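I opened a new structure today and kept notes as I went. Here is what I looked up, entry by entry.

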Amino acid sequence: SAEKGEFEKPKKKSASIFGYPISIFFIVVNEFCERFSYYGMRAVLVLYFKYFLGWDDDFATTIYHTFAALCYLTPILGAIVADSWLGKFKTIIYLSIVYAAGQVILAVSAIHDITDTDRDGTPDNMTFHISLSMVGLLLIALGTGGIKPCVAAFGGDQFQDHQEKQRGTFFSIFYLSINAGSLLSTIITPVLRAQECGIHKQRECYPLAFGVPAALMVVALIVFIVGSGMYTKTAPQGNIMVKFCRCVGFAIKNRFRHRSSAYPKREHWMDWAEEKYDKLLIAQVKMVLKVLFLYIPLPMFWALFDQQGSRWTLQATTMNGDFGLLTIQPDQMQTINPILILVLVPIMDSLIYPLIAKCNLNFTALKRMTVGMFLAALAFVCAGLIQLQIDETLPKFPSGAEAQVKFINMIEGEAISVNAGGHVYELKPFDVRETHTDTHAQVCARGFEKDNLAFFCKGANSIRFLNGWTSKLNVTVGESSFGDIVANNMSVYVSVGQGEPQFKIMDASGNECVFTQSLGFGSSYTNVIPPTFAFGENCAASIRPIMDISPNSVHMALQIPQYFLMTAGEVVFSVTGLEFAYSQAPSNMKSVLQAGWLLTVAFGNIIVLIVAEAATLEEQWAEYILFASLLVVVCVIFSVMAYFYTYIDPMKIEAQFAHPDSDELKRKGSFDKNKVHDPHGKQRKDSDSSREGDRAAETKM
């Protein structure tokens, strides 16, 4: 029989402190370090794709979500390997080694000096860096996904049967460590990324931003190995997901073999598995399939949710991150999510849900999930409205068939006239005029556009100097140099951070002038050194800053409402969804529903990469509204499915198979119309209260 139990040896009693096995402290520290490693790396990943590898927004988003999808597909493989072959302990060890190797490879791929032969700060062999980073990400996806279903379950294995209370406390601490690792890493790694490093040329320090998470993953592995002698290790006993899939596969195959009308129909298509599997397993599979059917619309929620790390981060790069005492990096805005989770979960549990119950409103699990979807859709409407404001502040660069020409009058005290393309412009001293025209100079103009837009979107400032003086000048700011600028020539662009940087201007004789400029976020300036410039006490007064691109004016604080709505949606959708699934699943098949839940996350990320590559929408705000509209449609579909869903009690159904005389009940399994009756004889539907399952303490996995 497929459901025959296997003999289990009693667990050995391990050393304990305050009633808890010492071994769990190694597991909690391991989980904290691993989550720090994962979320820290992921926080800066999309910016690495765009600004280091040089990919555009759409392709960077596509690869980001391909990676995220892989991270949620591989847990199924990890669970099967752990339960059917290696066991949880060895699976965690081996895949953690793969995981740490991937993190190290990714960090190495971000070292620009490896292929920077001309020492200009840009890798000369980008194929090498791309290949290395893709190998690293593939190993990370295999590692983090493979250990995902094992670590929490392995922690639960450390407790004796009589330690239910301690086990519950452990899971609370375990999920707290997940949040702590996520929160700290999304604060710290963007700061590390914003540092400048390099042997020959300084640039954003992605090797450090990836290197610290890699080091934390190595620490996680070492800590886990140190506790090896204290763990309770259970032998692999077969994977229920394999049994589930084989049972479903046999039912489908058997039904296909007997598709002729000569064979009598059976009440449920899963009943075609009765020739090989016992009725209890079939009844359990039916319960799971009932929930999995409700999972079908769920990927659309995750399609929106996981864009916090891609599209929303890219949106933040075009915004003003000056919060007064703090300067927030674009990739640090993601920290709002774990902070709000820690705040909203207890508020929902202890205040909102009890208040709704006192008002006699039947706010069932499926209704909560519907509300969660709607809140996520509203979050994307907010993102679209903010994007409209941002678009109004973005520079208007020429199209592919045009060139942008800029005229600057450097003649002191005299206006001039310029005839460009049939248009005559009068320029006062140090006045600027831009015009778009069809000329052979469009390649140069595009270079101007590319350089400026890259700095603009990073949130840094793009600064260059025009030397109108009589001889060569050398300009530096901090560790960066504009090089030697010959007379009547322009320097290269240099990325300069927000604040009041001091530019040092020196001539061949060693004379020095310090020019201080107040800079915001994302601006571009051409600082003109006029012919009348002279070294001395007031030398900086004659330098004229010409604004090419205005600073980012839309503040990052405007993203807070969309993060609030999305996180509120996550709390009522994800936590409730796990609770609902656990309450409706047989005790031995909860892992199957967990695997199905992770698959919805994976398919949600696949939806994003399809839309990012296939959609022809030129405006980003339109894409946000498209995703919001799709989720509203899915929300309506899900609400209809939820209305017709009938809650079941798995324990009652399984109990019917415990009585050997109840042959008829065994055959039907109380699934005539997927109805289960409560003690008062009333059917329980979504309009009635569902049985409370074990509430997940947190939703990050």
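**Ground rules.** For my notes, helices (H or I, at least four residues) and strands (E, at least two) are DSSP runs, numbered from the N terminus. This is a predicted model, where local features need pLDDT of at least 70 and side-chain atom pairs count only at pLDDT 80 or more, while totals for chains, interfaces and linings use all residues. Residues are numbered from 1 along each chain as its sequence is written, and side-chain values use heavy atoms, leaving out hydrogens and water.

**Overview.** I counted 19 helices and 17 strands in the chain. Of its 701 residues, 51% are buried (under 20% relative accessible area; exposed is over 50%, partly exposed in between, with a 1.4 Å probe and protein chains only). I put the accessible surface at about 31,200 Å², with 61% of that belonging to carbon and sulfur atoms. Areas come from the Shrake-Rupley method with a 1.4 Å probe, and for residues only the protein chains shown count as cover. I also looked at contacts (heavy atoms within 4.5 Å). Among those with a separation of 6 or more, 76% join residues 24 or more positions apart.

**Nonpolar patch.** Which residues form a nonpolar patch on the surface? I found V104, V108, I114, F128, V218, I222 and V226, with about 530 Å² of accessible area together. Helices α4 (88-109) and α7 (206-226) each give two or more residues to the patch, and the largest share, 3 residues, comes from α7. My rule for patches takes residues with over 30% relative accessible area and no salt bridge, joining like charges within 9 Å and nonpolar side chains (Val, Leu, Ile, Met, Phe, Trp, Tyr) within 5 Å. F128 sits in helix α5 (residues 126-156) and counts as partly exposed, because its relative accessibility is 32%.

**Cores.** A nonpolar core here is a set of buried Ala, Val, Leu, Ile, Met, Phe, Trp, Tyr and Cys residues joined through side-chain atoms within 4.5 Å. The largest one has 148 residues, and Y48, F49 and F210 have the most contacts inside it. Helix α13 (residues 365-393) gives the most to this core, 12 residues. I noted a second, separate core of 20 residues, which includes V477, V494, F503 and I543. Back at F49, I listed what it touches beyond four places away in sequence: G54, W55, A60, I63, Y64, M134 and L137.

**Strand β16.** Is β16 (524-529) enclosed or open? 6 of its 6 residues are buried, so the strand is largely enclosed by the rest of the structure. S524, T526 and V528 point one way, and Y525, N527 and I529 the other. I checked its neighbours using DSSP bridges (two strands pair if there are at least two between them). Strand β9 (residues 461-467) runs parallel to β16 with 6 bridges, and F465 has N527 as its bridge partner. β17 runs antiparallel to β16 with 5 bridges, and there V528 is partnered by R544.

**A hairpin and positive phi.** Strands β6 (residues 416-420) and β7 (residues 423-427) run antiparallel, joined by 5 bridges. Their hairpin has 2 residues between the strands, and G421 takes a positive phi near 60 degrees. Most residues other than glycine have a negative phi. N360 is in the loop between α12 (336-358) and α13, and I call it exposed because its relative accessibility is 71%.

**Salt bridges.** I used a side-chain nitrogen of Lys or Arg within 4 Å of a carboxyl oxygen of Asp or Glu, and the count came to 10. D306 and R42 form one of them (3.9 Å, N to O). D306 lies in the loop between α10 (299-305) and α11 (311-316) and R42 in helix α1 (residues 23-43), so this pair ties together parts 264 residues apart in sequence. Both D306 and R42 are buried. Another joins D157 and K88 (3.1 Å, N to O), linking the loop between α5 and α6 (164-194) to helix α4, 69 residues apart. Last entry: D58, R311 and E623 are linked in a network of salt bridges.
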